[in-house]
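Take a look at the model below. We will walk through its strands first, then its helices.

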Amino acid sequence: MDNKPGRRLLGQNRMLWLLDALERDPGRDQPIDALGRRVRALPLERARDVLHGTWLGHPVHPMAIHLPIGSWMSAAVLDLRPGRSRQADLLVALGLAGAVPAAATGLTDWAELHREQQRVGLVHAVANTAAVGLYGASLVLRLTGRGTAGRVLGYLGLTAVGAGGLLGGHLAYRQAAGVNHAEEVPHVVSDGWHRVGGVDEFPAGEAVRCVVVDDVPVLVVRESGGEVHALAERCSHLAGPLSEGTVADGCVQCPWHGSVFRLSDGWNVEGPATAPQPAFDTRVVDGHVEVRLPMEVVPETPYGSDALARTSTDGHRPSK
C-alpha cells in the first residue's frame, strides 16, 4: 500500500476510532438497562407501533427530526440579520415543539436496539437533550429582552444538534440501526425453484431453519393441514433468528425484540420491525419442499420494463 507522507489511512481516522470506542465501552450499560426497561414497560399498546413507523414502512424518527433541525437552522440564519428577531423566536419555539415527537419516536426505537447501538444512541440522546435545554433557555432570554444572550445560546444549541446528528448518522449508516436487514434477499436469491428439504423434515406447526438458499437462510413452517410457508429467516428489524421464535395464529414472532410477521406473506403485523419479511412461493414435488421468490419481487433486470411480465412459469428470466 502507498504510504506517502501526509496521506491518512482510514484506520487512522480519529473520529471513527472514538465512535468505535464508544460502542465498546460498557460504562453506561446500567443506566441503559434501566431506561430501556422503563421505555418498554410504558403502556403504549398499538401506539408503540405508530411511534416505530410500522404503518409507514420505515422508522418515523428520521422524518420527525426535520422539523426541529430545519427550524433551528433557519433561526440561526435569521439571527445573523438585524430586525429578524421575532421570526427567529418563532422558529426556535417551533423547533422546541417539534423536538417532542422526534424524541418520542427516537426513544421508542432506541429501546429495541442492540447494546452497541444503544451505547451510541444514549450519547446521541444526551446531545439532543442538551440542545433542547439550550434552545429552551435561548427562547426564555429572547422573550425577556435579552436577545444577544439568547442568540448565543441558540448557536450553542445548534452545535449540540450537530454533534447529535453526527452520532445519529453513525447509528444509521455505520451500525445499521433502523434499516431493513432483509432488503438484499430479492437481489441475492437466484430465479427458479430451490429444493430445501423433505416434507417430513418440517414438523407441523414448528419453525424450522432449513438449508441456506444462495446465502439466504430460509424459515419453513408446515401447517397441520399440509400448507407450507417460507420466509427469509433473519428478521428485517435487526436480523434476529426467526427459527428460534414462536409460531402462533399464522404468524411467527422474533425472539429478540418481538416483531411479528404473517407466515402467508411476511407482513409485519407488529413492530418494532417496520419492513415486511421476504416471503417465498412454495410447492411440494416428490415429497420435497421447494421455494422461489414471488415474481412480483424479482429485482429490475436489464431486459426492459416488461421483463417481469415475460418471466417464464418456472421462474427463469427470458433470454436477452
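Two strands pair if DSSP finds at least two bridges between them. Helices (H or I, at least four residues) and strands (E, at least two) are DSSP runs, numbered from the N terminus. This is a predicted model: local features need pLDDT of at least 70, side-chain atom pairs count only at pLDDT 80 or more, and totals for chains, interfaces and linings use all residues. Residues are numbered from 1 along each chain as its sequence is written, and side-chain values use heavy atoms, with hydrogens and water left out.

Start with the strands. Strand β1 covers residues 194-198 and runs antiparallel to β10, with 4 bridges joining them. Find Arg195, and you will see Glu290 of β10 opposite. Strand β10 spans residues 288-292 and is mostly covered. Of its 5 residues, 4 are buried. Buried means under 20% relative accessible area, exposed means over 50%, and partly exposed lies in between (1.4 Å probe, protein chains only).

Strand β10 has another partner to look at. Strand β9 (residues 279-285) pairs with β10 through 5 bridges, again in the antiparallel sense. Here Val285 stands opposite His288, and Asp281 has Arg292 as its bridge partner. Ala230 has Phe280 of β9 as its bridge partner.

Now turn to the helices. Helix α6 holds 26 residues, 85-110. From first C-alpha to last, α6 reaches 36 Å, close to the 38 Å expected. That expected span is 1.5 Å times one less than the number of residues. Where does α6 kink? The kink lies at Ala99, shortly before the proline Pro101, and is about 25°. Such a bend is the angle between axes fitted to the seven residues ending there and the seven starting there.

Next, find Tyr135 in helix α7 (residues 115-143). Is Tyr135 buried or exposed? Tyr135 is buried, because its relative accessible area is 1%. Its contacts (heavy atoms within 4.5 Å) include Trp72, Val92, Leu96 and Val161, not counting residues up to four places away in sequence. Leu158 is also touched by Tyr135. The backbone nitrogen of Leu158 lies 3.4 Å from a polar atom of the Tyr135 side chain. Finally, compare Tyr135 with Tyr155: they are 20 residues apart along the chain, and their C-alpha atoms are separated by 8.7 Å.

Methods: Polar contact = N/O pair within 3.5 Å; in protein donor to acceptor, adjacent residues only side chain to side chain.
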